[in-house]
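Look at the sequence and the model side by side.

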Amino acid sequence: MNGKTRAAPVVWLLTGDKGGDTAQLRQLARALDWPWVEKPLKFNGLYRLPNRLLGASTVSLASASDAGLVPPWPDLVLSAGRRATPVAGWIRRRSAGRAKLVNVGRPWGPLAAFDLVIAMPQYELPARDNVWPARLPFNRLNAAAMQAGAAAWASRLGDLKPPHIAVLIGGRARPLRFDVAAGRAIGRDVDALARTLQGSVLAVTSRRTPKAVAAALLGEIKVPALAHRWQPNDTSNAYAAFIALADRIVVSGDSASMLAEACHSGKPVSVAPVPLDDSPRERWPRVLWRHLPRGVVDALHAGGWITLPRDMTALWQPLARAHHVHVLGTKLVPTTPPPDDLPAAADRIRALLD
């Protein structure tokens, strides 16, 4: 390089209304340690069209100029989720093919359209040279938020004796059936775990938790407990506080981001399985894809013609087999936190620009 220092790449993050996706992109950008610019995308109704039909375009955007999609074009685009995929392809075209595209999660389009796809296990993406498997999403809580939450909530624990077991409760998410019966089963298993450990429970619901499910789950917990039910415009910071104050964390098996945040806390984690929805609408797609030859399914998936239903067991079962998490309702075993894939993912991206 003739003694000259190469300028840092221009990095764009295509962000939208999915907080979990945006959080992952920011974590990845921080790990790269390059300056980045967020391009917030707002969509019109055309985003509902299949990405195969939209192609590399901005027709699904409310306004490309409002998002700041103007020259100079970036060297690297980080995106996540279905809606951003056509926009990422459009940016590459505008950059005359120079911009490298990296997608976190499933792109809902042809895998070959990206230089790198960081695949999470629950999406079961086919193996390809440009598909890099991660064990968990990159979501993690900000240390300052955890400290602030712990400071605000510590006095409310009263005489709840340790070990404190934080219970992070999600909700309905296809193709799972998180109903009252599932809530009761999780609540009973949480109560049994707390009795085994002779501890207490700190339970927090989420935006997706139906009130009836929360009531059923919490009603089965007979040990001393502190419960916080999510409300609109909730600023309590109970979620971060309970993770910070916990000696152990239980996560309902519907949420990949909650599982990642729990595991990245470094504390022992138990996963509470959530059963599959066995309604015809959810059952028949599973039956169809499982009965086709795997090579056919992989080819259709790689080409962006189909997207398989999420398989949350494909996310947490490998972690359980490696003793990185414990499965709630089974014999308690020692666990160690899973390795952090974020540094290796950043190295993989840097190699694209070398």
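Is strand 3 (residues 76-80) mostly covered or mostly open? Mostly covered: five of its five residues are buried, meaning under 20% relative accessible area with a 1.4 Å probe and protein chains only. Strands here are DSSP E runs of at least two residues, helices are H or I runs of at least four, and both are numbered from the N terminus.

This is a predicted model, where local features need pLDDT of at least 70, side-chain atom pairs count only at pLDDT 80 or more, and totals for chains, interfaces and linings use all residues. Residues are numbered from 1 along each chain as its sequence is written, and side-chain values use heavy atoms, leaving out hydrogens and water.

Both faces of strand 3 are covered. Leu76, Leu78 and Ala80 lie on one side, Val77 and Ser79 on the other. Strand 3 pairs with strand 1 (residues 11-15) in the parallel sense, over three bridges; pairing requires at least two DSSP bridges. Trp12 stands opposite Val77. Strand 4 (residues 100-104) also runs parallel to strand 3, joined by five bridges. Here Leu76 faces Lys100. From strand 3 the chain passes through helix 3 (residues 85-94) to strand 4, a right-handed β-α-β crossover: clockwise from first strand over helix to second, with the strands pointing away from the viewer.

Now turn to His228, in strand 9 (residues 225-228). His228 is buried, at 16% relative accessible area. Its contacts (heavy atoms within 4.5 Å) include Trp153, Val204 and Phe242, not counting residues up to four places away in sequence. Val204 is 24 residues away in sequence, yet the C-alpha to C-alpha distance is 4.8 Å.

Note on methods. Buried < 20%, exposed > 50% of the residue type's maximum accessible area, 1.4 Å probe, protein only.
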